[in-house]
Amino acid sequence: MTAPETRPSPDALLTFASREERGRLKVFLGAAPGVGKTWAMLDDAHRKQSDGVDVLAALIETHGRAETQAKLAGLPQLPRKPVIYQTHALTEMDIDALLDRRPQLALIDELAHTNAPGGRHEKRWQDVEEVLAAGIDVYTTLNIQHIETLNETVARITGVRVRETVPDGVLDMADEIELIDLTPDELLERLKAGKVYPADQAARALGSFFVKGNLTALRELSMRAAADRVDAQLREHMAAHAIEGPWPTQERLLVCINESPAAREAVRVAKRSADRARTDWIALNVTSTQAERLSEIDKDRLAGTLRLAERLGAELATLEAERDVAEAILALARDRNVRRIVIGRPRHRPVWARLVREDVARDLLRLAGPFEVTVASEPDERPGRFSLPFPQFSRDKAGWIESVLAIAAASMAAWGAERLFPVASLSLIFMTAVIVVASRRGMGPSALASVLGFLSYDFFFVDPRLTFTITDRSELLTLSLFFAASLVTGNLAARLRARVKAQSAIADRTNKLYDFSRRVASAATADEVVWASVSHVATTLRCDTVLLLPRAGELAVVGGFPPEDRLDVRDQSAAQFAWDKGEPAGRDSDTLPTAHWLFLPVASAERRLGVLGIAFADGRSLARTDRRLLDALSDQIALALERLRLTEELAANRLATETERLRTALLNSVSHDLRTPLVTIIGAAGSLAAGPDLPCDARRDLAENIREEGERLDRYVQNLLDMTRLGHGALTPRLAPLDLAELIGSARQRMRSVLRAHNLLVDLPDTLPLVLADGVLLEQVLVNILDNAAKYAPAGGDIVISARTAGARAELAITDHGPGIPAADLDRVFDMFYRVAGGDRQRAGTGLGLAICKGLVEAMGGAIRAETGWPDGTGTRILISLPLHNPETTP
């Protein structure tokens, strides 16, 4: 035999050709911050520069590290582009200047960085893509936790989730990956020495992210990610250069799956081997026209084995091959660089049977060459008798009758044609009848039509006629060829009909699964998923359906179609067995077969989620083809329930994160802003106690300080209590007619010490009607707003209180002459613990004042908002809208 011709893969050649038109990307990959990625990138860049390469440091993040800053010396740097975001002055990479400069090599640090809003691209890796497309080579850095598919894994390992990620495809387009490795002990020493973070940040990092166990796990992840990418590049190289595998590099397993009972054990062997080797594995199923002739039991076994492989984490692959199956399997193994092939032990065959059917296992062992082939057998497998796959003849009586009628019609047509036209061969008419019968009724009726056509043609149209005697040898040859051609043609037509029916059934199942997946994907709540599941299964299989999920430690019916909320003891026991053991139970199963319902476990790859039950009103059993469809629907239900579970966990995590944020903000307020008045009070009281001979003026000033800080502390505590009452819905305002002038005077009196450095101007119309509000709560609102205005208005500045009517409401405005609030923060100043970082300078306070005001005003049926105070953009105006008192409607 001559060696098969090997040619480079066209797809691989196109990939290489497309890369020739763009710049080359090198990624310096690290397991954690501080391993030296940027330093290694700069060191490599210096070597390139010494070789005459035009290198430009487009963007380097030194993070204040002296050794990195020193390594940057000598490399030309691109000036950063200033960006104003809200009130912050930021700098980003100037991509336009980089493209105009067009260096041979650009250094772009931190690939996962998110650019400031307003730039050309949202992410820095998108900037890198544009630079590469311009033909410029790029060096960049990346930590393993920033890879999208590894982000969740890293979060589970470290308890820290990073928000900046890059798609896996970005790493795939890298032409070269250099792993920057550092042992955990060395990295921890660098962290303690202050070479990674400042001392305060390093102390926090040592107790959370930078734990030796975490670093070891991250190190392994980074090594495997780099190895996977190198392996992919190797396979691309082999495909582009027509190199046959396997190469002795990364081990990869391939398990061949068929309808044999030993295939399940082969899957388990492959799974255990892949886990030990920590490598990927592929489950391959070879399909052909022979698969259509499998019995329903074999089809069910094959489908179950494929589902087992998928649940165990295999990559499913399908290969179509009519002959030379072993060579096709080995060709796929070479293409995927597989080193080890696992197959099930072949069933015993007599020698004569091997002449009519290919022995794939024997051919694999014979042709394996550099491959390692493992043969697995089912532990309880017993040798069985081999049987040839004879065609399944139809038992439909109408098919047999139709074949007789078709040959009768063909005989009449041939009799008429013989007399009207000079027909050379009447056998074609009978062959047409055979094809029609085969395409409509299948193999059995077509074989009968072939025999009847042979006999009819011989009896009516071969001399001597009306007898089965053949005197002319040429006629005998014609009849023999006609009979053989009829059988072959009928067989082909029947097989084509079977293929069309199979494809139609597959399309029907696919449409049903697609429709169901679309319905459950649009379901937003658990009730919607349950209803969509039971209703779709019931209408698809025309049966009764129930879904049971664990509730409070027990398995309970959560939905049914038609509506069903309970099961009898026998059915409940079958459902509990299916839940406990993860196996089918109930009717038509091996466990509790006398039950009315058939129960199937609904499980994801990690856990069991529930139990699906079906029953037929007429008592019939579930068809085997419907069983495979039911298994697929069960998997879809599991995916939908798993999606809901993950969504609920995400919502719970968000709630926990928000709660933790609020708790931290509250503790910060208590530890700083509430402590400040106490320090002043304690200091003044100590001075009074230690100095009995103090002058009266000094004693008066100290006492006044104690009173002022006590009032300030009282306002803070009152705000905290009010926020607690608002949060628990325990605040019930007592609405009554109020005079705003009196209320403003009362608030002014309470705040006299705070407002003594400001000019408080009150501008109220004499005819201002009464408002409907709670006097105590509204006074607290005014006190909070005046306290806030006094903090930010300059000493000697004016604070103006004005009011006017607007329809059935009164608008009260408090305006100061402070620096003002940025437009982007006007709506956020009423959020709890929110403090404006720009514009107004940071002052003492809990960040609760305006949030309390919003809650109190809305509780009284009013509204509050903030706006710019004056036309020149300075100052802040707080507007409060309250309903006016109407004697006719107010009780």
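Mentor: On a 1 Å grid over the protein atoms alone, a pocket is an open set of points where a 1.4 Å probe fits, with protein on both sides within 12 Å along at least five of seven lines, and its volume is the space filled by probe spheres set on points joined across faces, edges and corners. This is a predicted model, in which local features need pLDDT of at least 70 and side-chain atom pairs pLDDT 80 or more, while totals for chains, interfaces and linings use all residues. Residues are numbered from 1 along each chain as its sequence is written, and side-chain values use heavy atoms, without hydrogens or water.

Trainee: How much space lies in the second largest pocket, and which element gives the largest share of its lining?

Mentor: The second largest pocket holds about 1200 Å³ of space. Its lining (residues with an atom within 4 Å of a point) has 27 residues, and those closest to the centre are Asp-300, Gly-304, Pro-584, Arg-627 and Asp-631. Helices (DSSP H or I, at least four residues) and strands (E, at least two) are numbered from the N terminus, and the largest share of the lining, 8 residues, comes from the helix α12.

Trainee: Is Asp-175 buried or exposed?

Mentor: Asp-175 sits in the loop between α7 (168–172) and β7 (176–180). Buried means under 20% relative accessible area, and exposed over 50%. Asp-175 has a relative accessible area of 14%, so the word that applies to this residue is buried.

Trainee: Which backbone nitrogen does the side chain of Asp-175 reach?

Mentor: In sequence, Asp-175 and Arg-24 are 151 residues apart, yet in space their C-alpha atoms are 6.0 Å apart. The side chain of Asp-175 reaches, at 2.9 Å, the backbone nitrogen of Leu-25.

Trainee: Which residues does Ile-880 touch, not counting residues up to four places away in sequence?

Mentor: Contact is counted for heavy atoms within 4.5 Å. On that basis, Ile-880 touches Val-781, Ile-785, Ala-810, Glu-811, Leu-812, Ile-814, Val-857, Ala-863 and Ile-864.

Key: Buried means under 20% relative accessible area, exposed over 50%, partly exposed in between (1.4 Å probe, protein chains only). A polar contact is a pair of N or O atoms within 3.5 Å; within protein, one must be able to donate a hydrogen and the other to accept it, and residues adjacent in sequence count only if both atoms are side-chain atoms.
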